[in-house]
Amino acid sequence: MGILNSIEQTTKRAINSKHMLKGITLASFLESIIVPIPLEAILVPLLQARREKIWLIALMTTLGCMVGALVGYALGYYLFDLIGDWVIQTFSSPEQFEQVSSKMENQGFWFVLTLGIVPVPFQIAMLAAGATKYSLIGFIVATTIARSIRYFGLALVVYFAGNQAESLIRKYKTKAIIALSILVLLLWWMSSLL
């Protein structure tokens, strides 16, 4: 309970800070590369409190995540031989990384898009994309779509549900993730038929 209380207190301080946009961008950057705490714990209350900047907050959160994703891609691309074993042991397993690498080579765009939506560590997709030298443009496009769905989707829920957004997100989060995942997997399957 201590970490949730700490997040709540940090969020309350950030809401009215003149550095709020920089802070959420930095938090998104850090969450995308190293912090295992879901950004929603900070983002949803911030969106609710600062509705006049709801779309700008979603945009800055997406941009922070994109910069973090590019750092993760670059680490995989340039430093995988040096730090790859440590990263694999920290965030996954050699078998899981081997499966991810195989998927990247064959269907990288859909793989990155799917991992950007489902609740698994996105660091795996970033490092695998870089380590397998997957197309940077394809990686950026897939990551932008996935993270925009995540952050602008939360902003949309807050826009329409207002103060009820947190309870709605808590109640329907799993169902929404499953529905989005099924939709992406269906599109992925349909693209393989072409």
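Biologist: Which residues of α8 are buried in this predicted model?

Modeller: Ala165, Ile169, Ile177, Ser181, Val184 and Trp188 are buried in α8. The word is used because a buried residue has under 20% relative accessible area.

Biologist: What covers the buried residues of α8?

Modeller: The cover includes α3 (40-49), α5 (94-117) and α7 (136-161).

Biologist: Why are α3 and α8 called roughly antiparallel?

Modeller: Their packing angle is about 150°, and the axes lie 10 Å apart. Angles over 145 degrees count as roughly antiparallel, and α3 and α8 are therefore given that name. Their crossing is right-handed.

Biologist: Which residues of α3 and α8 meet?

Modeller: On the α3 side they are Val44, Pro45 and Gln48, and on the α8 side Ala165, Glu166 and Ile169. By class, the residues of this contact are four nonpolar, one polar and one charged.

Biologist: What makes α5 roughly antiparallel to α8?

Modeller: α5 and α8 pack at about 175°, with 10 Å between their axes. The angle falls in the class over 145 degrees, so α5 is roughly antiparallel to α8.

Biologist: Where is the kink in α8 centred?

Modeller: In α8, residues 165-193, the kink is centred on Tyr172 and amounts to about 60°.

How values were computed:
Residues numbered from 1 in each chain as written. Predicted model: local features only at pLDDT ≥ 70, side-chain atom pairs only at ≥ 80, totals over all residues. Heavy atoms only, no water. Bend = angle between axes of the 7 residues up to and from the residue. Helix = DSSP H or I, 4+ residues; strand = E, 2+ residues; numbered from the N terminus. Buried < 20%, exposed > 50% of the residue type's maximum accessible area, 1.4 Å probe, protein only. Contact = heavy atoms within 4.5 Å. Axes fitted to C-alpha atoms, helices over the stretch in contact; angles between N-to-C directions. Parallel < 35°, antiparallel > 145°, perpendicular 65-115°, else oblique. Left-handed = near helix turned anticlockwise from the far one by under 90°. Nonpolar A, V, L, I, M, F, W, Y, C, P; charged D, E, K, R; others polar.
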